[in-house]
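I opened this entry to look up pockets, sheets and charge pairs. My notes are in the order I looked.

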Amino acid sequence: MRQQPGEQTGVGTRAVWSGEHDGWEGSTQVPIARSVAFGYDDVDEWLAVGRGQARGHIYSRNTNPTVAALENKVRALEDAAAATGFASGMAAISNTFFALLAPGTRVVSIKDSYGGTNKLFTEFLPRFGIDVALCDTTDHEALEAALAQGCDLLYLETPTNPTLKLVDIARLSAAGHAAGAVVVVDNTFATPVNQQPLALGADLVVHSATKFLGGHADALGGVACGRADLVRRIYHFREITGAALDPGAAYLLLRGLKTLHLRIAHQNDSALRIARWLSAHPAVTGVHYPGLEDHPQHDLAQRQMCGFGGVLSFSVRGELDGLRTCLPRLRLAHRAANLGAVETIAGPPATTSHVECTAEERAAMGIPEGLIRYSVGIEDTDDLIADLAGALDSLEP
Ligand SMILES: *Cc1c(COP(=O)(O)O)cnc(C)c1O
């Protein structure tokens, strides 16, 4: 194993070096181990690997060298004791639930979780006799009251998608632990560069690595990391149910991760400038971004985050009609259901984050149909502002 950077190194050094291991014939990059199984001539060595007493791999649904490098890099970035990879973010989230919950247990969470996660809460977990209490996202008293009634798993997401609400990880982790709950945080939006949920008290972090971690919109993946005893249970569920990460995808995610800190630093700066610019535009009726001084939870954002992230959302004059007019005029944006990439991506929640929900469900979550989610890429900020100006000026009276 190549020398690993120490725990005291900065996030950028860990993004580059952590998890990297020696490949074949001096290869400086982690190779794609596109092998289903791993062969052993020495039966005792094979048995030792099978029993977990020696380093090595048996079968790629369980573990794989390329996937292990990705798991170790994310583990180091989140400063977690253990990590396990998945085929997608939703696989990481659903496997975490099904590994840790059983009939009769209770989950407390927020109304504004990612659309797919919300479906697990409303459609799938209740089917298995799991009680789910969803509270208003920013109502911390309501969350604490729900926790006090008993809780096995507290699930948080912050900032939320697509209205950029925040929850106080330290405060709710303490309340969750007082109730005896395992505390899980979806850190997809913030990434470990902007927010460290485990240091704030959470037990587990889950990621859609598809988004900022990979950063290039060319590979699906997910990771769950945190307390070793919990990750072991989640890994065991995944090795049996089979939502394994493909080694080719793991390679792309590893490559993307090496520039995570550079991308996020630029996206933080760019998103803040764009949010301020949008706030002053006459055709914009509202901007959601935790870095804005008038964001209702700006103080919490400053306490809890090291940067405010690359995603913002805004509503335009004319609501859905306004969106129909200006969205197609953006030249420097993919109109697609994704975020966290090097290219800017824009779209309405009805076809992106909350495509799984009905219009009524979105309305109940307080997500206007005319909202535009804008994931800032790594383009020059001035060019993005000029592009937005061109699109928004079409809305002026
Ligand atoms: C995209 C996303 C997910 C789901 O991830 P997939 O990789 O698409 O399965 C979960 N949580 C958040 C916050 C997301 O943005």
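The notes below go through each topic in turn.

**Ground rule.** I am working from a predicted model.

**Largest pocket.** I started with empty space. Rolling a probe the size of a water molecule over the atoms shows where such space is left. I read off about 750 Å³ for the largest pocket. I then listed its lining and got 26 residues. Nearest the centre of this pocket I noted Arg55, Gly56, His57, Pro65 and Ala68.

Which helix gives the most to the lining of the largest pocket? I found H3, with five residues. Helix H2 (43-50) and helix H3 (65-77) each supply at least two residues there. I sorted the lining of the largest pocket by class: twelve nonpolar, ten polar and four charged.

**Second largest pocket.** The volume here is about 390 Å³. I listed 23 lining residues for the second largest pocket. Thr63, Glu71, Ala83, Thr84 and Tyr235 lie nearest the centre.

H3 turned up again in my notes: it gives the most to the lining of the second largest pocket, with five residues. I also checked the elements that each supply at least two residues to this lining, and they are H3, strand S1 (82-86) and helix H9 (228-241). By class I wrote down nine nonpolar, nine polar and five charged residues.

**Seven-stranded sheet.** Next I traced strand order. I got S1-S7-S6-S5-S4-S2-S3, an open sheet of seven strands with mixed pairing. S1 and strand S3 (131-135) are the edge strands, each pairing on one side only. The twist averages 20° from one strand to the next.

I then looked at what packs on this sheet. Helix H4 (residues 89-100) does, touching S1, strand S4 (153-157), S5, S6 and strand S7 (222-226). The direction of H4 makes about 150° with that of S6.

How many bridges join strand S5 to strand S6? I counted three, between residues 182-186 and residues 204-208, and the two strands run parallel. Val184 has Leu204 in S6 as its bridge partner.

**Five-stranded sheet.** I traced a further open sheet, with five strands in the order S8-S9-S12-S11-S10. Its pairing is mixed. Strand S8 (284-288) and strand S10 (334-335) sit at the edges, and each pairs on one side only.

Do S8 and strand S9 run parallel or antiparallel? I found them antiparallel, joined by four bridges, with S9 spanning residues 311-316. Val287 stands opposite Phe314 in S9.

I noted two helices lying across strands here. Helix H13 (residues 319-326) lies across S9 and strand S12 (371-375), at about 115° to S9. Helix H15 (residues 381-393) lies across S8, S9 and S12, at about 20° to S9.

**Salt bridges.** I finished with charge pairs. Side chains of opposite charge can pair when their charged atoms come close. My cut-off was 4 Å from a side-chain nitrogen of Lys or Arg to a carboxyl oxygen of Asp or Glu. With that rule I counted 15 salt bridges.

I looked at one of them, Arg171 with Glu141. The closest N and O atoms of this pair are 3.3 Å apart, so the pair falls within 4 Å and counts as a salt bridge. The pair links distant parts of the chain, 30 residues apart. Arg171 is in helix H7 (residues 169-178), and Glu141 is in helix H6 (residues 140-148).

Methods: Residues numbered from 1 in each chain as written. Predicted model: local features only at pLDDT ≥ 70, side-chain atom pairs only at ≥ 80, totals over all residues. Heavy atoms only, no water. 1 Å grid on protein atoms, 1.4 Å probe; cavity = no way out; pocket = protein on both sides within 12 Å on 5 of 7 lines; lining within 4 Å. Points joined across faces, edges and corners; volume = space filled by probe spheres on them. Nonpolar A, V, L, I, M, F, W, Y, C, P; charged D, E, K, R; others polar. Pairing = 2+ DSSP bridges. Axes fitted to C-alpha atoms, helices over the stretch in contact; angles between N-to-C directions. Contact = heavy atoms within 4.5 Å.
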